[in-house]
Amino acid sequence: MNEALFTANNVWMLVATVLVFVMHLGFSALEAGFVQRKNTVNILFKNAMIIAIGLLTYCLIGFNLMYPGTNAGGFFGFAGFGLNMPAGEAGGIGYADGAYTYYTDFIFQGMFAATAATIVSGAVAERIKLNAFLVFAALFVAISYPITGMWKWGAGWLDAAGFYDFAGSSLVHAVGGWGALAAVLLLGARRGKYTRNGIKPIPGHSMPLAAIGVFLLWFGWFGFNGGSVLSADPVAVSLVFVTTALAASAGAVGAFIVSYSLFKSHDLSMVLNGILGGLVGITAGADVMTPTDAILIGGIAGMVIPVSVVFFDRIKVDDPVGATSVHLVCGVWGTLAVGIFGAKASLAQLWVQFYGTMSIGLFTFVFAFSLMYLLKVTIGIRVSEEDEERGLDVSEHDMEAYEEGTVTEPAYQLSVK
Amino acid sequence: MNEALFTANNVWMLVATVLVFVMHLGFSALEAGFVQRKNTVNILFKNAMIIAIGLLTYCLIGFNLMYPGTNAGGFFGFAGFGLNMPAGEAGGIGYADGAYTYYTDFIFQGMFAATAATIVSGAVAERIKLNAFLVFAALFVAISYPITGMWKWGAGWLDAAGFYDFAGSSLVHAVGGWGALAAVLLLGARRGKYTRNGIKPIPGHSMPLAAIGVFLLWFGWFGFNGGSVLSADPVAVSLVFVTTALAASAGAVGAFIVSYSLFKSHDLSMVLNGILGGLVGITAGADVMTPTDAILIGGIAGMVIPVSVVFFDRIKVDDPVGATSVHLVCGVWGTLAVGIFGAKASLAQLWVQFYGTMSIGLFTFVFAFSLMYLLKVTIGIRVSEEDEERGLDVSEHDMEAYEEGTVTEPAYQLSVK
Amino acid sequence: MNEALFTANNVWMLVATVLVFVMHLGFSALEAGFVQRKNTVNILFKNAMIIAIGLLTYCLIGFNLMYPGTNAGGFFGFAGFGLNMPAGEAGGIGYADGAYTYYTDFIFQGMFAATAATIVSGAVAERIKLNAFLVFAALFVAISYPITGMWKWGAGWLDAAGFYDFAGSSLVHAVGGWGALAAVLLLGARRGKYTRNGIKPIPGHSMPLAAIGVFLLWFGWFGFNGGSVLSADPVAVSLVFVTTALAASAGAVGAFIVSYSLFKSHDLSMVLNGILGGLVGITAGADVMTPTDAILIGGIAGMVIPVSVVFFDRIKVDDPVGATSVHLVCGVWGTLAVGIFGAKASLAQLWVQFYGTMSIGLFTFVFAFSLMYLLKVTIGIRVSEEDEERGLDVSEHDMEAYEEGTVTEPAYQLSVK
C-alpha cells in the first residue's frame, strides 16, 4: 500500500470522526433548545453522559459485537471484550484495505454508536428518571445497536441479502427512532400535554440553541456520510458531500412549503426538523444518488416532517423534539428510497430495503420495549408528578440552567458549609 | 496525476468546504445576538433558508453562470442548467489540474455563494418582510453574485485586466455589503432609531450569541481563505493561515484601540466587528502578503470599524449588525490593499483594484436596488408599524425565541386542536 | 521527501490548528456560562482579546523564545524578533523532517500559546481589572509560557533530562493553572463568597453555554493532542484519538460517581469538569498509553475533580470556573501518570516527571505572582466594591450581555448623539 495515500485516507477518516463527535454537541443543543427551561440541565447532563457511556461500552463490548469478524451472513457474533489491535501491519497500514488503522476504525464507529441513544434522549425528555435512562442508554448502545449493526455492516445476514444502508438511515437513525417510540409508549406523555380541551403546546425554551444544534448536526453530517465512504476516495466523498448538502437544503424547502400551506405560518422548528429529515433521508443512499435524486429524497423527507409531527401528536405520542418524525419516519423513508431512486433502484432492491428496515426495527423495538418495561416495573422510569411540575433540573440536579428564577444551592456547595 | 497527492488535495478542499459551511452558523449566531429578542426567530429562519436556497439555486444556475467555461475575458456566460459532471477522468482526478473533483468544486463554491445573501440579512434585520427577503436573497445569490464572480474567478474581463481578489474581499464581502446598502436605503431605518433627540441605541439581545458567531466565523475563515488556494499546497495554505489569523488579531487590537480612544470604554461589539473587519480585509490578498503586511492590513481594517459604524449611524443608514462597515468598507479596503502591500503592490495594480471593486460594486448595487425597488412597489418590503413594534417573531412566525414572555401557540399546534 | 505524504501531513497539522483554535471558543463559552450574568460581556471581551494578543506576541517574540534553535539543553534562548521563514526547501517541504512547513509550525504552536492565558481568565473572573488582566496575559503568554515551553519542546534542559510531556499537561495546562493560582491568591475571593455563615454558592448564569464550551473543548482536543504527533502518522494519531476520547469519557464517569457519592446529586458542572479533567490528564501521555491506561488515567482525573473543587473552596481559593482543579491538579496528575502507566512507566521516569512539572510550576508561579504583584502595587488589579456589585459589564464595558435588565446605552452610541 502506498504510504502517502494511506495517510491521506486516514486523515480524512479522523476528520470525519471529529465531525461525527460534534454531532453530539448538535444533539445536546437541539434537545436543550426544544425542552422547557426547567429541564435544560437534565437534558445536557444526559447528553454528556451518553457520549461517555457510549464510547466506554463500545470499547468494552459494542465494537466486537458489531464487527465479530466471523459468522458471516449470521445474526450474532462476538469477538471478545475490549480492543485488541491486530499485530504488525494489520493494525496499521495493512488494515481495512489500506484505508485506515484499527484505532481509526474503532473511534469512527464508536462516535456513531452513541448517536442512537442520543436520539432517544430527546423523545423521552422532561419526564424520565435519570438513572433509569442512563441504564437504558448504556444497554441500548452496548447491545442492541451493535447487533442490528452487525446484520449489515458486520457482514451479517442482511448484508448477504443485498440490503443497502450506506451510512445508517436504518442502522443508526431508525434504530434510535424505534427505541424512542418504545420508550415514549411506556413512559406516556408529559402531564398537561393532551387535555380534554385539546393538545396543549409546550414550546421549547430557546430557539437559538435549537438552531445552533441543527447547524452543527448538518456540519457533522458531512463527516457522518462523508466518512462512511471508509476512505478519502475523491469522487465518492465529494459526491456524498453534494447529495448530503442538497438533501438537507431540499428538506428545509420541503418543510417550509408544507408547513406554510398547512399552518399559514413560517414555522422555524419545522424548517429545522426539515433539514434534519432531509439529512436522515439521504443517509442510506448518499453514495448512489445523483444530485437530482438527492433533492427529491430530501425534499420529500422535508415535506413529510410537518405531517408526521401532527400525526404523532394526534395519536398522543408525545415527543418534545420530534425525534420519531425525523429519525424513525425519515430513516425508514431514506432506506426505502434506495430501492426507488439512484443506481440501485429496482423492485427487488425495494423489497430487501423494506424487510431489512422492518427487521431491524422489530428487533430494536422489542429490545427497547422489553428493557424499558423491565426498568418500569423495577426501579421505575417516570419522575413524580411533583418533580415533573418543578422541573427535573431542581429535582434531579439541585441546580438551574440559568441565573434567574429561584436560585437553588448546588449540592456540593451545601456540603461544604 | 499522483493519486495520493490528488487525494490529499481533495481532502483539504472538502475540509475547507465544511469550514465555510459553518460560517453560516457563525452568521446566524452573530446576527441573532445583535438583534432584539423579539426578532430572533426571524433572523434564524432567514439564515436557515438562505443556505438552503443558496445551495439549490447555485446548483440550478449559479455555478454555471459563474464558471461558464467559455467566453473568457467577457461579462457574461452560461453553461446551462444543473450539474453535469464531465465524463471520465475529467470529473475525477483529471479535473482542476488534479487538485479536486468536479463535485468538490461545486460544493466548495456553493458554500461561498450563499454567504453574500447572508451578509444582507443582518443589515435589513428587524423590519423587512420575510417573503420579500427570501425572493431577494434567492435572485441575488442565483444571478447577481455569480455574474460579478465570473468577471474574476470565471476568467472574465476583470481577470483579463489583472484584477486580484484571492478569496473574495470584493467578490463575496463587498458584494454582500453593496447589496445590504441598497436594501437598507430602500427599507429605511428601524422605527425609533433616529429621533429628534438623537440616535437611540438598540442593543442586541445576546452578547454570548454574537461572540460565538464571531469565533465560528474566524474558525470557518481558515477554510474560506485556506480553501481558496484551490489545493493543499503546503507553503501556500500555511501562509494563508498565518496571514488570516494575524489580520484577525490585529483587527481586534485596532478596533480596541480606536474605540477605547473615542468612547473611553471597552466595547465588545467593536472588538468583535474588528476581528471580522480584519478577516474581510486580508481576504483579497491573503496569499500574497507577509505576516507583517497582514498585521498592517488587519490593524487598519480594525481601526476603521468604529469610525465607519459611527459614520453610517450619522448618515442614518441603520444596520443593526454593522454589516456595511465590516463587509463593504473593509471589503473595499482589502481589495485596494493588494495594490498597496505585498507581492503585487504597484500603482498600476492599485488602479485595477480600484476600478475592479468599483465595477463590481456598481453592478451589484444597481441589481440589488432595482430588485428591492421592484419588490417594494409590488409585494412590499416593510412590515407594518404594529408588527415591527410587536416583533417579527410573533407577527411572521407565531412563536417566540425564548420561553419567557407572552407565550404564543405555534401555528401547527393550534391547527391540531 | 515524498510530496504527497508531506501534503497529507501538512493538511492534518492545519486541521489540528483550526481545532485548537476552536478551543478558544470553547473556553469563552465555558467561562461565560460559569460566571454571573453581570460579568458575561467582560469574560467574552477578555477571551476575544487573549487570542488576538496571544497570536501577535507569539509572532513577535514567543515563537523564537520557545524554539530558539540553539542552546540545546539550556534554560533560555532567543532567535530574534518576528517570523523568518527559512529560504527555499527549508521553510517548505524540507522543514520539520518533511512533516509540515515553517508557517504551519508557527500557527499550530501559536494557537497553543494563547491557551495558557485563557486558563487564567476563568479563575480571576468577576473581580479583576480588565486592563491589568490584559497586561498580565500579554506578558504571561509572550515570556513565561515560551520559556518553560522551551525547556521541553524547544530541546531545553528538561528534554535532555528525559522529561516527557506529549501535548502539554504541564507545559500548557499546569502552566495556566499555576498562573491562575498565583493570580487568585493576590486577587482574593469574590466579595460575599466566604462568609461568617459558610461558603456562599455563586452559580454560573448559563449551563447551556458551559456545556457548549466543554463539548467544543473536547472537539478541539482531538487537534490539540492529535496534532501534537507533529505528523499525520496514521497509527500514532489514531491511537491518540482513542486515548483522548476514552480518557474524557472516563473522566465524566469518574466525576459522576464521586460527586454522586459525596453530594447525592447529579451535578452537571462536576461532570463537565470531569470531562475536562480527563482530557488534561491524558494530554502528557496520550501517545504512549493503551486504551485501558487512558481509561484509568482519565477516570482518576475525573474522580479527583469534585474532591479538588471542594478542597480549593475550603482553603478559600475562589475560582469561579474550577480552572485550578481542572488544569493545575489534573495537569500535574497527567504528567506524573506518564511515570506510572504506559510505555514509559518506571520509577526513574516518575522522578523526572515529578521534578519536571515542579520546576515548570515553580518558574511559572514565581513569574505570575511577581508580575501580578507589580500590577497590584502600580495600576491595581481589583475593581472597586461598587463595580464588583454592579458587575463588570456595566462598569468596564457600559453594556449588558442580554436585553433584559436595566438597559445601558453603549458608549459609542452616546457619543454619536
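How many residues does the contact take from chain B and from chain A? The contact takes 56 residues from chain B and 59 residues from chain A, two residues being in contact if their C-beta atoms, placed from the backbone, lie within 7 Å.

Please note that this is a predicted model, in which local features need pLDDT of at least 70, side-chain atom pairs count only at pLDDT 80 or more, and totals for chains, interfaces and linings use all residues. Residues are numbered from 1 along each chain as its sequence is written, while chains are lettered from A and ligands numbered from 1 in the order in which they are written.

On the side of chain B that touches chain A, H1(B) gives the largest share, 18 residues; helices (H or I, at least four residues) and strands (E, at least two) are DSSP runs, numbered from the N terminus. By class, this side of chain B has 38 nonpolar, 12 polar and six charged residues. Here Ala, Val, Leu, Ile, Met, Phe, Trp, Tyr, Cys and Pro count as nonpolar, Asp, Glu, Lys and Arg as charged, and the others, Gly among them, as polar.

Turning to chain C, 59 of its residues are in contact with 56 residues of chain A. The largest share of that side of chain C comes from H8(C), with 17 residues.
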